[in-house]
Amino acid sequence: MFVPTDAAIMDLRYAVDMNPYLIPYHITPKHHLLLSDLYHLKPLTLLPTLIPWKTILITSTLLSNYKIDNAIITQTDIYVSSRLVVHGINHILDFNPQRSSMPPLLRAGNVLGARISPAPALSPA
């Protein structure tokens, strides 16, 4: 579970268009991800959420700047139990990114966690 800071939540209180899926979007089911587990994942790895058609993207795995959907993990392993790990993040995750929920391994031409190279430019005939 990824929990935004109090300030980020206070900003949300005044949003008139709060999406009911926002909270389930911050929870990864069937994953007991301690910080040490997160560090083993590569950038562009997709984590499933409680919303079957939405995923969280790991955008940076730098030790001092680990990011999911561009939110920095500011507090790690705040709460740990046999079924739940809670991490603090600096802002609410963007529920509206346009990306496939299909795992990277299954996408054409992509190796799990590897960056997708842009298509080569066509040379004039």
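**Briefing: a buried threonine and a nonpolar surface patch**

Thr49 is buried, because its relative accessible area is 6% and the limit for buried is under 20%. The structure is a predicted model, with a mean pLDDT of 77 for the protein and 71% of its residues at 70 or more.

**Surroundings of Thr49**

- Thr49 sits in the loop that joins strand 2 (46–48) to strand 3 (55–62).
- The side chain of Thr49 has a polar atom 3.0 Å from the backbone oxygen of Ile51, and this side chain also reaches the backbone oxygen of Lys54 at 2.9 Å.
- When neighbours within four places in sequence are set aside, the residues in contact with Thr49 are Pro24, Tyr25, Ile27, Thr28, Pro29, Lys54, Thr55 and Ile56.

**Nonpolar surface patch**

- A nonpolar patch on the surface is formed by Ile78, Tyr79 and Leu84, which together have about 270 Å² of accessible area.
- Leu84, one of the residues of this patch, belongs to the loop between strand 5 (71–80) and strand 6.
- Leu84 is partly exposed, because its relative accessible area of 31% falls between the limits of 20% for buried and 50% for exposed.

**Confidence along the chain**

- Among the elements of the protein, strand 6 (residues 85–89) has the highest mean pLDDT, at 95, whereas helix 1 (residues 6–13) has the lowest, at 75.
- Over residues 103–123 the pLDDT stays under 50, and for this stretch the model has 21 contacts beyond four places in sequence.

How values were computed
Residues are numbered from 1 along each chain as its sequence is written. This is a predicted model: local features need pLDDT of at least 70, side-chain atom pairs count only at pLDDT 80 or more; totals for chains, interfaces and linings use all residues. Side-chain values use heavy atoms; hydrogens and water are left out. pLDDT is the predictor's confidence in each residue, from 0 to 100. Helices (H or I, at least four residues) and strands (E, at least two) are DSSP runs, numbered from the N terminus. Contact means heavy atoms within 4.5 Å. Patches are made of residues with over 30% relative accessible area and no salt bridge: like charges are joined within 9 Å, nonpolar side chains (Val, Leu, Ile, Met, Phe, Trp, Tyr) within 5 Å. Accessible areas come from the Shrake-Rupley method with a 1.4 Å probe; for residues, only the protein chains shown count as cover. A salt bridge is a side-chain nitrogen of Lys or Arg within 4 Å of a carboxyl oxygen of Asp or Glu. Buried means under 20% relative accessible area, exposed over 50%, partly exposed in between (1.4 Å probe, protein chains only). A polar contact is a pair of N or O atoms within 3.5 Å; within protein, one must be able to donate a hydrogen and the other to accept it, and residues adjacent in sequence count only if both atoms are side-chain atoms.
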